[in-house]
Every structure is written in structure tokens, then in C-alpha cells.
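Here are my notes on the model, point by point. Please read them with the coordinates open.

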Amino acid sequence: MEIITLALIVFCASSLFSMIGLGGAIFYVPFFYWISGDFISSVTIALLLNTITSGSAAITYVRKQMVDFKITIPFIIASMIGAQIGAYFTKIVPVSLLLFVFSMLMLFVGEEMIFSRAQVMYREKHIDGNKRYLLIVICGFLIGTVSGMLGIGGGTFIVPLLLILGFTIKRAAASSGFIVLFTSLSAFMAHASSWDPDPYMVAAAVVASFLGAQLGSHLMHGRIKAETLQKMFGAILLIMAIKMLSGFI
């Protein structure tokens, strides 16, 4: 695939995913795997792009004081440790198993995006007191491990967890974006030592991802409905997951 074509795809994906509050790693991993056929390399570049997208959004969230640091700091520490362990498992677990797990995850995320039940389901129960910090540490570690192993940021799981802790949806999304920045960065650093990519492809993808995220964050305030885009990408994820799973049947 030509670099210009790749950059355009990443730009569009970054723009659309940033409108619905996702870094896009759930899309980038299978996309780059189809291009290169190398799962480890695909995970690494997906984590890099996720870091850039989340970092751009985190700047805005922090400036607007939308991030709850009392919750995010312990979450970040636990998730960064988990990400290092997850990256190790990526190197020893069979690629076919990782692809199967990733496909199942795509099915789950796609279904959640289409039906948008998470906010209703998780808002009914709240966890307060010391239990919330224990939950944060345990879940942070587990989410970080999954992030390092599969190359995702973990925002899909972090937002529902923060809703359980009593966050509003906007504050949950902002705090999640801040957490995902560090989780993705930690996982990327664990994979980067053995990564030997095409520098021109990486540079084009990085620039396209950054510009796309900037465009998407501005378009979100326009006439485009985020819910429509969310359902559309949910359908795309389901189609991609089914296609990946068909290789195991």
C-alpha cells in the first residue's frame, strides 16, 4: 500500500474515532496486520498512534480541568505495570490465539458501540469508599495487561468502570483519555525495543493521526452526530471481527 493512501486511511480513521472518544487502536491493529502480516509490529504502531491521539486529547482535558487526578494517578501506575507484563506475553503467546482474542474483543466493542447500553447499565451501581481504590488498582493492572498484549488503549473498559465509580460520562471520557495516554505509552515502549518499522510509513501515520484527531475534535462540535458515527464504526468493527474469525473456522 502506498504511503499516501495509508496516511489518508489513518487520517480518516483518527478523525472519526476522535469524534466518539476512542484512540482507534481497535481499528489500527487489524488494519496494519492486514498490510504487514506481522501482529507484533501492528500492535506496536497501533499503540504509538493511540498514544499520539490520546495525548492530543489529554492536553485539552487537563486545561479544562476535566481529569480527576485522585483516580487517574493510581490507575495509571497499575496499568503501566500491567502493560509491561502484557507486552511480554505477546512475545510468547501464539499469534493465532492473540488474533482470536482480539477478534472476540472487536465483537464485544462493536456490539456495545451499536447498542450503546454501557452508560445505562453501569450508571445504576456506584462503588464508593476504599473499595473504589482497590477496584482501580486491580482493574488498572488487568486493563494494562490487555493493552500491552493486544495493542489497545483500554478506554472501552475504563469508561464503564469510571461510570461505576460515579463519574459523569464527560468526566469519565476525559479521565479515561488521560489514563489511556500513559497505558499506551508504557505498552509501546515495551514493544519498541524489538521494532524495526519503515520510518516513512511511521512518520506519515503519526502526522496523519495527529492531524486527524485535531480535525475530529473540532468537527464534534458541528452538525455531525457522534451517535451515528459510533453505530457506523460499531458495524465496521463487527464486519472486521467476523472476517478475522472466518480464518479460524
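1. Start with helix α2, residues 25-36. Y28 and F32 both sit in this helix, four residues apart, or about one turn. An α-helix has 3.6 residues a turn, so residues three or four places apart point the same way. Bear in mind that this is a predicted model.

2. How are the rings of Y28 and F32 arranged? The pair is tilted, with 6.3 Å centre to centre and 45° between the planes. Y28 is buried, and F32 is buried too. Ring pairs also join F27, Y28, F31 and F32 into a cluster.

3. The search of the whole structure gives nine aromatic pairs. One of these pairs is the tilted one formed by Y28 and F32. F188 and W195 form an edge-to-face pair, at 5.9 Å centre to centre and 85° between the planes. Are these two residues buried or exposed? F188 has a relative accessibility of 15%, so it counts as buried. W195 is buried as well, with a relative accessible area of 17%. The cut-off for buried is under 20%.

4. Next, α3, which covers residues 39-63. This helix has 25 residues and reaches 36 Å from its first C-alpha to its last. That is close to the 36 Å expected at 1.5 Å a residue. How much of α3 is buried? The count is 19 of the 25 residues, so α3 is largely enclosed by the rest of the structure.

5. Look at both ends of α3. At its start, a side-chain oxygen of D38 comes to within 3.1 Å of the backbone nitrogen of I40. Just after the helix, Q65 takes a positive phi of about 55°.

6. Where does Q65 lie? It is in the loop between α3 and α4. Q65 is exposed, because its relative accessible area is 66% and the cut-off for exposed is over 50%.

7. Last, the packing of α4 (residues 69-92) against α7 (residues 130-150). The two axes come within 5 Å and cross at roughly 35°. Which hand does the crossing have? α4 passes α7 in a right-handed crossing. The residues of this contact divide into 16 nonpolar, eight polar and two charged.

How values were computed: Residues are numbered from 1 along each chain as its sequence is written. This is a predicted model: local features need pLDDT of at least 70, side-chain atom pairs count only at pLDDT 80 or more; totals for chains, interfaces and linings use all residues. Side-chain values use heavy atoms; hydrogens and water are left out. Axes are lines fitted to C-alpha atoms, for helices over the stretch in contact, and angles run from 0 to 180 degrees between N-to-C directions. Helices (H or I, at least four residues) and strands (E, at least two) are DSSP runs, numbered from the N terminus. A crossing is left-handed if the near helix is turned anticlockwise from the far one by less than a right angle, and right-handed if clockwise. Ala, Val, Leu, Ile, Met, Phe, Trp, Tyr, Cys and Pro count as nonpolar, Asp, Glu, Lys and Arg as charged, and the others, Gly among them, as polar. Buried means under 20% relative accessible area, exposed over 50%, partly exposed in between (1.4 Å probe, protein chains only). The expected span of a helix is 1.5 Å times one less than its number of residues. A polar contact is a pair of N or O atoms within 3.5 Å; within protein, one must be able to donate a hydrogen and the other to accept it, and residues adjacent in sequence count only if both atoms are side-chain atoms. Rings of Phe, Tyr and Trp (its six-membered ring) pair if their centres lie within 6.5 Å; planes under 30 degrees apart count as stacked, over 60 as edge-to-face and the rest as tilted.
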